[in-house]
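Me: I would like to understand how the words used for a protein structure follow from computed values. Could we go through them one at a time?

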Amino acid sequence: TSTDAVGSFYVRCIGVTLEVGSIGDYDFDFSEGIITVILHTAHTFDADGFCTVCSNGYETPTVNGEGTYQIQKLGHLFWLSAQVNGGNLTVNAVLMGNLDLNAGYVFTLSNEGMLSVTKNGTPVTDLGVLRQWKAIGNEQNKYGGTFDGNGYTVRGLYLPSAVDCGGLFGAIGTAGTVKNLKIENAYTGSG
């Protein structure tokens with residue numbers, strides 16, 4: 001028996017086989033004699049297109065008449081990354097305005113290659129406050145669509161460690177195209 005602010009439910013198991021799985025909006029797990037029931041709630045998005053309910057939900061961008069996704073918010077860009085890295089390689093997208101992943105932060109490399117970060121001229125020592133980027137595409141999932149930057153700029157890209165496929169786009173396949181795009185104030189690792 002479990003009770004919470006929404007209501008209660010009862011689980012009664014008599015001569016049944018328990019399986020891990022899903023039914024509708026519920027996931028079931030059974031381990032160590034404990035049944036866990038998880039109710040999935042709908043995503044709610046903030047003004048930037050990030051889910052306020054979970055840590056990995058992004059607002060799906062609108063699609064224009066040509067079937068191209070219109071990237072208007074940061075969450076849309078993260079959605080595109082998740083789609084491509086999840087195997088949907090031929091998503092076409094167009095940037096509809098400038099985006100800044102870490103607004104107000106400035107990345108500077110010393111002559112020795114050491115990163116320093118400031119916000120409004122003040123040094124930042126806790127880099128955990130920065131929004132980390134995961135590149136669109138990787139060696140297993142190379143981007144194969146067309147991304148039109150539309151002359152706009154993506155700023156504040158932060159990949160904290162060197163990776164083989166780092167940048168706004170990590171890997172682009174032979175059918176992929178990235179055009180009309182500017183990148184500013186980006187840090188992609190120290191390797």
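Reply: Let us begin with contact, which means heavy atoms within 4.5 Å. Leaving aside neighbours within four places in sequence, His76 is in contact with Glu59, Thr60, Pro61, Gln70 and Ile71. Please keep in mind that this is a predicted model, in which local features need pLDDT of at least 70 and side-chain atom pairs count only at pLDDT 80 or more, while totals for chains, interfaces and linings use all residues. Residues are numbered from 1 along each chain as its sequence is written, and side-chain values use heavy atoms, with hydrogens and water left out.

Me: Why does His76 count as buried?

Reply: Buried means under 20% relative accessible area, exposed means over 50%, and partly exposed lies in between, with a 1.4 Å probe and protein chains only. His76 has 3% relative accessibility, so the residue counts as buried. His76 has its place in helix 1, where a helix is a DSSP run of H or I with at least four residues, a strand is a run of E with at least two, and both are numbered from the N terminus.

Me: How do you know whether Tyr58 is buried, exposed or partly exposed?

Reply: Tyr58 has 22% relative accessibility and therefore counts as partly exposed, whereas Phe78, with a relative accessible area of 9%, is buried.

Me: Why is the pair of Phe78 and Trp133 called edge-to-face?

Reply: The ring centres of Phe78 and Trp133 are 4.9 Å apart and their planes stand at 85 degrees, so this pair is edge-to-face. Phe78 lies in helix 1 and Trp133 in the loop between strand 11 (122-124) and strand 12 (146-148), so the pair ties together parts that are 55 residues apart in sequence. Ring pairs also link Phe50, Tyr58, Phe78 and Trp133 into a cluster.

Me: What makes a group of residues a nonpolar core?

Reply: A nonpolar core is a set of buried Ala, Val, Leu, Ile, Met, Phe, Trp, Tyr and Cys residues joined through side-chain atoms within 4.5 Å. The largest one has 23 residues, and those with the most contacts inside it include Leu77, Leu101 and Trp133. Helix 1 gives the most to this core, with six residues. Leu77 touches residues beyond four places away in sequence, among them Ile71, Leu99, Leu101 and Trp133. A second, separate core of seven residues includes Phe107, Val117, Leu130 and Tyr187.

Me: How do you know that strand 9 and strand 10 pair?

Reply: Two strands pair if DSSP finds at least two bridges between them. Five bridges join strand 9 (residues 105-109) to strand 10 (residues 115-119), and the two run antiparallel. Thr108 stands opposite Ser116 in strand 10. Strand 8 and strand 13 (residues 153-155) pair in the parallel sense over two bridges, and there Asp100 stands opposite Arg155 in strand 13.

Definitions and conventions:
Rings of Phe, Tyr and Trp (its six-membered ring) pair if their centres lie within 6.5 Å; planes under 30 degrees apart count as stacked, over 60 as edge-to-face and the rest as tilted.
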